[in-house]
Every structure is written in C-alpha cells, then in structure tokens.
Amino acid sequence: MLISIFNLLVFPGIIFLGVAGMSAEFIDRKLYARMQNRTGPPWFQPWADFIKLVSKEDVVPTEANPRMFRAMPIFALTSTITASFYIPLWSTHALYSFNGDLIVTIYLLTIPTLTYFLGGWYSTSLYSKIGAIRSLTQLFAYEVPLLMCILAPALLANTWSLSEMAKFYSHHHWYWMFNLLGFAISLIALLGKLEKVPFDIPEAETEIVGGTFTEYSGRLLAMFKLSINIETIVGASLVSAVYLPFGLQLTPALGILLYVGKLLFIISILSLSRTIFARFRMDQMVEFCWKIVSPLAFLQMLICLILKGVLAI
Amino acid sequence: MSDLKRGACDMIRPGKMLVQVLQSLFKKSATSQYPFKKSEMPAHYRGKINFHPELCIGCKMCERDCPSNAIKIVKVGDKKFEAQFDLAKCIYCAQCVDSCIKKALESTKEFELAVLDKNKLKVTFCADVKKDTDK
Amino acid sequence: MSKEDEIVQSLTSEFPLLQDKAKVQRIRRVVADVTPDKFEQVFAYAKDNLGFSVLCTITGLDEGSTLGFIYHMSRTDGITFSLKYSVPKDKPVINSILQYFTNADIYERELEDLLGVKVEGLPEGNRYPLPDDWPKGEHPLRKDWKPKGAKIDTAETQVKEAK
Amino acid sequence: MRKVVIPIGPQHPALKEPESFSVTLSGERIMAFSARLGYNHRGIEKACEERTYLQDVYLIERICGICSHTHSTCFVQAVEEIAGLQVPKRALYIRSIIGELERIHSHLLWLGVAGHEVGFDTLLMYTWRDREVVMDILAELTGNRVNYGINLIGGVKRDLEKQHITDILKSVDILEERTKYYIQVCKEESTLIQRLSGVGVLSHNDALSLGAVGPTARASDVARDTRADDPYAAYDELDFKIVTDDHNDVYGRTLVRLGELMESYRLIRTAIKNLPEGLISVKAPRKIPVGEAFSRYEAPRGEDVHYVKSNGTDKPERVKVRAPTLANVQTVAKMLEDGQLADLPIVIAAIDPCFSCTDRLISVNSSKSETLGSMKWEDLRLYGIEWHRSKGMDFSAINKKLAERL
C-alpha cells in the first residue's frame, strides 16, 4: 500500500515526472534559444511560469460546460502519469507489466490529445473549437504511423509487453539497429503528439490565438502545461525504451545516467526540429503523414517481419 | 505540393538552416543584457534636452517651433529665463535645438526616462542655478 | 512636344471647355479642373484613351462654400493627372467611380466619413475610417468642425490658461 | 459542415496593429472575407491643418514607425515644390541613402514577421538580429533608431561624415552576406516554400485592376516602381533594377523583397560613391506661398502619395496622405479567395500591412463628452480595483506596501 502511494506520488509518479518534465521544458527552451542565438530563460523559468499560473484565478467561460471544462486537465495529467508505469526506464523492468501493456501505454498517451479536443470543444470559443478539430485531425494523421512503427520492434521481439521487449533486446545486443527507421518515424509522430513545430497546427498562435487552450487560465492551464511536459518525458521514455534498448543491464547508477542521456538526445532532436522547420499546414501535415510517413512505417514493419523469418526468432 | 509543379525552387532541402543553427549553439548570444549592462547611445543621439539658462535670450523660438508644446520659457528676472520642459509631451525631435539661435539647448544621450509619477517628467531648468536642480 | 503637353492638347481638343483649365503643373504633373457634369466623361477619357490606369487616391477638400474632389491618377511612365471638380456644400452628392476603378470604394468611403459627402452608387459596407459609434453629421475634415469638448493644446491656449 | 465566422482582430496575435477582419469559414476553407479598417485613425490630416509646416514634418513622420522617412520625405518634397525651393544635391543624396537604409530595415523586419506567421521563429530571430546592424547605423546617422527627424523643408538636418560612410559601407557588406544566406534559405528550405508557394495568388491582371503597389504588385510581374517612373530625391542619377517576379504568390513577394534588399545595398554603394559636395540645406520660408503639389515616394511597402495644398500662411490648408497599405489591403480579399485559414496570417502579412500608415484619425476625446467617451487612466485603475474587490480580491494592502517601497 505504502509503496503504491510512493509510486503514485513520488517515483515514477507525479513528483519525479513533474521535475523531469519541467527540466525537459527548460532544456528545450534553452536549446531553442541558443540555436536562435539568444540567451534563453534561466533554469527556474518553467517553475516560475507554473507557480504564476497556479496562483492565478481560473476563469471558466459562461458558455462553457464547467464540469467538462474543469475535468479535462485532470484527465490529461492522470493518463500521462499512468502511462509511465508500464515503461521500463533504465532497467528491463517496468513498475507494472503484463502482456499487452504496449497497447495500453499508447492508448493512455492518446487520451491527452482527446482531452485537448474535448476541453477545446467544451470551451465553446471559436478559436478553441477550431484548435480542437485540428488536434483531432492531427491525431488521426500521426497515430497510425506511430502505432505501426512501434509494433515493428514488438513483432521482432515477439511480445506485446514493453518489459519483455526490453529483455529481448538486452539479449540480442544489436537488434535495435534494425529499427532505426522506426525511431525516426516515432520522433516525427512524437512531434505531432506533443504539438510542437512543425506540427503545432492545433495551437498555431498566429492563426487561432491559443488554439485549444485559448479559454484556459490559472490552475487548469497549469495542469495542461504540466501534462504536456510530462507527456514529453513519457513519450521520450517510450521511444527510448522501444528503440534504444541498450545498456539496460548496467548498474543502476550507470543505467540512470544512460537513461538521462537518451532522454536528452531525444529532447534535443525535438528542439532541433522545432528550430529548423516552418509550421506545416493541416492538409500538408495529413498528406505528409499518410503519403510519406505511413508507408515508411509499413516498410519498417516489413523489415522486421522479414528479419524475423531470416533470423528465425 | 504545388511548388514542385510550379518549379518554384532550385532545390528541395528541408532543414537548410541546420548548419547555422548548430553553429549558433557555440556562438555568443546576440541578446543584449540591457538593464544589467547599460547600452551606449551614438554620439549625436537625440535624448533628453538640456538647457543652458545663461545663454538664453528669451526669443521663444523653441517654444514656437516645438511640435508638441513641451517647452515653456518663463522670464524670471532681468535677462534671466528658465525653461519648463514636459518630458511626457516631448517627442525628442530636437527641433528646439535647431531652432535655438544661441545654442542654449542641446540633446543629451540620456534616454532612460521612464518614471511611475508623471509629474516627475516636468523638468524646470532654473536660471540662477546652473545645473538642473529638479533631479 | 513633351508628353505632358500632348496630354493637355489631347484633352483640350476632345473637351473644348478645358481650354484654360488643363495645364502642366511641372514635369510629370498634369492638372485639370472640370465642371461636375463633364467630370465623368473627362475621367473616362483619361482612363481609357490617355492610359491613366491607376487611381492613386481621391483627395477631398473643404473650400468654404464648395467641396472639392481631386482624383489623382497615374500611368506607367510616371505622369500623374489630377482631375478636380467641386460641388456646392449644401448639396454634397457625387457619383461613385466604382465602375472605372474597383479599388475606389475605400477612398470614397473615406470621403463619406471625413467630408460628409454622399457618394451615389456605393454599395453597402463597413464604414471607413471612423468608429461605428461616431455621431452622425460629424465630419472631421470640414473646416468648421472642431473636436467637441476637447482641449486643443496649443501655445495660445496655454497662455490663456496661464492667465 | 456548418459555416462559422471567426473574428481576426482588432486584437489578435497575427496582427501587429489593431485592425479587424472577419472570416467566414467552412472547415478550414475561407468562404468570405471582410475587413473593417480605421482602428488606428489618429486625426493626423486634420491635425496637420492646425500646425505649422515645421511642426507638420515631425507629425507626418510619426504616421508610421517603420516608414517614417517615407512620409516625411514625401511631405517635404511637396512643400518644397510649392515653395519653389532648389534643394541641394547632397541633401537629395542623403535622403536617398536614408531611404534605402530604411527599406533594408523594413524588408528585414518583414522577412522575420513572415517567418513568424508560418511558425518559423528561427528566421524571425535571425533577421531581427541582423536588422540591428542597420538600426544602429540609422541611430548613428540621424540620432534615433526610428523617426529619424533628418528631413527639413529645404534639405536635411545632418551631414554624412567620413566615419559614417565607412560605417555604412561596413554594415552594408555584413548585411549583403546575410541576405545572400536568407535568399538561399528561402529558395531551398522546403517547409518554408510549402507554406509560401501557391498561397495568396494575385494574378497579373488582378494586380493591375485592383491597383496594387510596391512589392505586392511587382511579385505579380507589374514593373511599377516610383523610384524609376517618377524619380525623386537622387534616384534619377542612380542606376538600379526594378525587381519583379512572376510567381504571383507569397513566395514571389518574398523573393521580390529579398531581391530589393540586394538592389538597396548596391544603390547605397553607388550613392555614397557619387555623393556630391556642398550644402545640405537651403533656408525655407516659414510662410509657404499659395499652391498645391502632389508628391509620390516609393516606400518599402509601395507607393506613398501625399497631396499638400497651401494657402499662403504658415499652416497648410490640406494635407492628404495615401499610404501604400490602403492600396494593397484591397487585394487581400482577392488573394484569400478559396484559401485556407492557416494561410490567412501570411497572406495578410505578405502585403506588409502598416495600418498606422493607413488610418490617420481619431478625435481627441474628452472624458466629459458622452458620445465620444473614454476613460481616464486613474478611473480605469479604480474600476479595476473595484472589480477585483467585488470578486473577493483585495490588493489594497499590497498596494500600500508597494507605495511605501516606491
């Protein structure tokens, strides 16, 4: 019981993920600024922003459905935190695991996007509604390639459990190299999931102000922001667990260092792509995902299936 | 992708800025640390106006030409004049400096004039004391 | 003969009433005064036959008892033609030139708002540039219009206040 | 799908100045577009009639913060024409040099804004960083970064010194290098091209019939440039190319502006090389004789037009300003036909709108007048405090503490 509470609240629950998420935001913003030849924010900026938002008043639009409006940020936060329980971080063991947790994790990571949609829709503001529709459209575009390219390593490992996959790749040292294409695709999908440039279409501020979050303020917005930060960490952990499953049998200290290194690597790639690309338009994004990314994800699956036959696993 | 059909570009190269962006990581940032590091204005900057009462002959040309009625020249004694500036109204065009035939007015490099109390922007240059006493 | 003179000659031969009214102001500037009834003919002639294909702007003037309107047109060689006519202030109605220049509506709306002239033939639309709650009958560019209730801060009023 | 009408403005992140557009959408597609201009009207035309010519130069200069030299030069030219002043050659050259520097700063600013509108903030940060170079030069030459105040009826106020010339040439070299890079970026970066190409199409004929001016027209292959057609300042002695493009879209407008940057660098170099010696101003009378003049100037955004009528006193009878944006804003509806919501910001930005230039009047309100009511700062503050108190928030203790500290 106590351990469960500890897991829920401290590790890998809300406190660990919160701190990691905030650090991820800082690293992302600092890198983004440095790459643009700016100084960037100090380390406590994400915390200051968070504390400021928390201490502010929540404004619920009169037209909005207050219950849904208030519930959505909580859903977003809880589902992302829950998702982290099934991902092995620096060892081959996740907190909980069962055969099929891979699907559950992906499903849990889809819920935040759904809450953005519902939250935006129930705000009843025009900008929010357009943002909501856009985030849902975007979901359909990136979710399929994401699922396909995450299934490929699972096919190779012949299991639906993330922990089992980690074990498999620890035994077969260099097999993760076969999935590098999938790694690239999953990063693209992750950009779409986190709604970052070039896929920040649902919150394109020059078009629809704040998109989904136009009407959100105070604690509710803080919760949404926190859930996005945590989603960054969880998403990056998932990608690193699936595609970079090496060094998982090291001592915990080295393992943690390696894990942090992997996360930093993924976050820097995300910031880099934020820096060097312009925002896509909705139709371009959908076209890009269906016509280029999905076939590539399919190719990755094909590679894994063929390898499976060749290597006779 | 209509650009391909139209032949809009010579080359398709996503991430063209990659090299410069990565170079920037190791360059000194271009941000100026303004309030901590004061910036220096160029030599002929048109900042706050300074007034030399001993040179003024009270022709009031500056008062007449000022586009925003920010100057008032008041006679305070025999051939002694003081200038009342409303820096909140001043647009720092330095027309008064050009209009003054005796060069009693000059632009300074001072530009940090933001205050919370608007009345502090009303500056009087007194005739008997040479320096600006209002500060 | 310079191009400007050619324009003036062409105008005067087509419209004898422009005999002394059309002149070359300086290089690349041709001006002409017409009566309101002949305006549209001269305007159409300048556009179609003399090649003044761009409408730069329409200037409205308050000339005391009349309101003047100057249509500034230009052509590709840099010559501009300013065609002017006046209507009495007590009957301020002019015709729209939308059929000649589709981009004229914003200029004509500006005239309606600022000078209080009725432009016939202008379709319904947003006003420009005054606010929607601007009182009726207030036209700032009329010479007799003064901002109501406002203190105009000039050197003279300051002196008055001091007294 | 049901049609929705969404307001863009008066306050909107895509607009740098208040102006109201409303867009009817069906899904992401734009069905109708309408604009309501006038939010920036400050009464400058009326105010000019109340002030002397000398004061008007500064007032006119403040029509716009970016093309301030444009408006003041255009006005001063008209007044000089009425007064029959022969402006010294050196002054004309200096005006042209400042004008070109202003064009550089404006076009670099535009490029950054365009990048921002399509979510390419790195371009914004880089161009605005490089723009500082030209801003610093302008501050050094004229005494301020914007609102240069260098024009005078009858000439210019400040001369170019040796040091200035070397500084200008040095920064032009730096900027040319950077502009070449930006041209490469805009021609090769595919995510950027995707957003710019085929967007906001304005055909050649539409550009002609709607009276588009400046880069907007030139990107539709209309070779119209006031500097060449109706030379003013020193442009009749300077050789330059009119940059045109036949893409007809936002991409073309980007290329035209970048090409114009390169032309501007060349122009500045030749102007400095040919800079004649001599006076920089002639004395102008305070009272301008009766007359009228129509003056044109190629602003960074297009053709700027001023009409000045004098009545023999020291105050003008009428000053009329037609800023380039007013001519171009009418093309936006055409450009947005069958467009997408996502393209709206960049299409509006592509005409480089400057609504401060466009609108010039609002009445000076008094707090007592009922019809033209406005709130005083203090009243607004008290209203805010009262509102918060009614919601159960009382800041008076904090305010007191703050007041003590100050």
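Tutor: What follows takes up confidence, then the build of one chain, then the contacts between chains. Please keep in mind throughout that this is a predicted model.

Student: Which scores does the model as a whole carry?

Tutor: The model scores ipTM 0.86 and pTM 0.87.

Student: What is the mean confidence of chain C, and where in the chain is confidence lowest and highest?

Tutor: The general idea is to take the chain's mean and then look at its elements one by one, with pLDDT being the predictor's confidence in each residue, from 0 to 100. Chain C has a mean pLDDT of 83, with 90% of its residues at 70 or more. Within chain C, helix α4 (residues 155-162) has the lowest confidence, at a mean of 53, whereas strand β4 (residues 66-74) has the highest, at 90.

Student: How many helices and strands are there in chain C, and which pattern do they follow along the sequence?

Tutor: Chain C holds four helices and seven strands, and reading along its sequence gives the pattern α-β-β-α-β-β-β-β-α-β-α. The C-alpha trace of chain C spans about 65 × 40 × 30 Å along its principal axes.

Student: What share of chain C is buried, and what share of its contacts joins residues at least 24 apart?

Tutor: A residue is buried if 20 or more other C-beta atoms lie within 10 Å of its own, and of the 163 residues in chain C, 37% are buried. For contacts, one looks at separation along the sequence: in chain C, among those between residues at least 6 apart, 45% join residues at least 24 apart.

Student: Which pair of chains has the most contacts?

Tutor: Five pairs of chains touch, and the most contacts are between chains C and D. There, 34 residues of chain C are in contact with 36 residues of chain D. On the side of chain C that touches chain D, β3 (54-62), β4 and β5 (80-88) of chain C each supply at least two residues, and β3(C) gives the largest share, six residues. By class, that side of chain C divides into 16 nonpolar, twelve polar and six charged residues.

Student: How does chain A stand towards chain B, and towards chain C?

Tutor: The contact between chains A and B takes nine residues from chain A and eleven from chain B. On the side of chain A that touches chain B, α2 (14-35) and α11 (252-276) of chain A each supply at least two residues, and the classes there are three nonpolar, four polar and two charged residues. Between chain A and chain C, by contrast, no contact is found, and their closest C-alpha atoms lie 23 Å apart.

Technical notes:
Residues numbered from 1 in each chain as written. Chains lettered and ligands numbered in written order. Predicted model: local features only at pLDDT ≥ 70, side-chain atom pairs only at ≥ 80, totals over all residues. Contact = placed C-beta atoms within 7 Å. Nonpolar A, V, L, I, M, F, W, Y, C, P; charged D, E, K, R; others polar. Buried ≥ 20, exposed ≤ 12 C-beta atoms within 10 Å, placed from the backbone.
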